[in-house]
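Please read them with the structure open.

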Amino acid sequence: MALCSMSSLISYSIVFLIACTTANASFGKSEECIVGVNCNTSPTEEILNLSKAADDLLKKANFPSTAERISEVRATKDARELQRFGLYGEYSILNLATLLKHPVVTEAMNAAQTEEGPTFVDIGSGAGRLMLSASAMANWAAVFGIEGRHELHVHAVNAIRHLEQEGSLRSGMVQSIEGNFMEESPEVVKALSNADVVYLYATGFETHSDARIPALSALLARRLKKGSVVVVVDKFLIGDR
């Protein structure tokens with residue numbers, strides 16, 4: 001099982017590193033395959049096309065653009081609005097496309113053990129913006145989001161239902177799971193056990209002083225299958241596989 005820890009060096013992960021470990025190694029201790037990815041570089045046409053496909057799907061689901069949301073929040077000066085639709089810690093769709101085309105991630109996707117394709121899991125998926133974006137960027141067997149806040153989970157479910165009803169999303173491919181992923185409900189365990197790519201934008205997660213997340217690291221080590229890849233933004237995985 002290859003597990004990756006991605007650490008943001010500049011806010012919103014404009015520049016980040018991927019540090020990978022392989023089977024029988026420990027999270028965050030291997031320096032053999034540390035790779036730098038600079039999202040300030042000009043994106044390829046393929047990445048731009050993936051980003052546009054995601055943007056188009058989000059518009060159909062009535063998601064306002066990040067710029068529009070920021071403008072609204074600044075206009076109302078209501079700090080609570082920053083979290084209402086997951087704007088706090090939102091990840092760039094263009095950066096997500098860049099991430100999914102990174103060789104470490106594409107290798108895991110291509111090695112998926114099902115004929116239907118790979119499975120993507122977004123931990124802390126909010127209102128569904130990122131998992132819906134991911135769904136437009138690859139031929140996934142399934143895309144799961146795991147979200148603990150009821151209001152955001154409901155928003156994601158409604159967005160998924162809307163897209164399915166209008167024929168923009170394959171029925172049943174994208175699912176939002178409500179709950180605390182650390183409690184390991186049957187739905188969470190099933191999603192993680194099938195995952196080929198796990199994504200976690202961990203900006204708001206509680207950690208040790210050195211930005212490591214031991215409890216989540218242990219959970220992922222228990223549940224993920226061999227060959228899966230974990231991408232963690234702003235934090236680090238630790239511990240034995």
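1. How far apart are the end C-alpha atoms of helix H1 (residues 45-60), and what should its 16 residues span at 1.5 Å a residue? In this predicted model, the end C-alpha atoms of H1 lie 23 Å apart, which agrees with the 22 Å that its 16 residues should span.

2. The buried residues of H1 are Ile47, Leu50, Ser51, Ala54, Leu57 and Leu58. They cover an arc of only 125° around the axis, and therefore sit on the same side of the helix. As background, an α-helix has 3.6 residues a turn, so residues three or four places apart point the same way.

3. On the face of H1 that is turned away from its buried side, one finds the exposed residues Glu45 and Lys59. The buried residues of H1, for their part, are covered by elements including helix H4 (93-100), H6 and helix H7 (150-165).

4. Just after H1, the backbone at Asn62 adopts a positive phi of about 65°, a point to have in view when inspecting the end of this helix.

5. The ring centres of Phe120 and Trp140 are 5.3 Å apart and the ring planes stand at 55°, so the pair is tilted. It links distant parts of the chain, since Phe120 belongs to strand E4 (residues 119-123) while Trp140 lies in the loop between helix H6 (129-135) and strand E5 (142-147), 20 residues apart. Phe120 and Trp140 are both buried.

Conventions
Residues numbered from 1 in each chain as written. Predicted model: local features only at pLDDT ≥ 70, side-chain atom pairs only at ≥ 80, totals over all residues. Heavy atoms only, no water. Phe/Tyr/Trp six-rings, centres within 6.5 Å; stacked < 30°, edge-to-face > 60°. Helix = DSSP H or I, 4+ residues; strand = E, 2+ residues; numbered from the N terminus. Buried < 20%, exposed > 50% of the residue type's maximum accessible area, 1.4 Å probe, protein only. Expected span 1.5 Å × (residues − 1). Arc of directions from axis to C-beta. Contact = heavy atoms within 4.5 Å.
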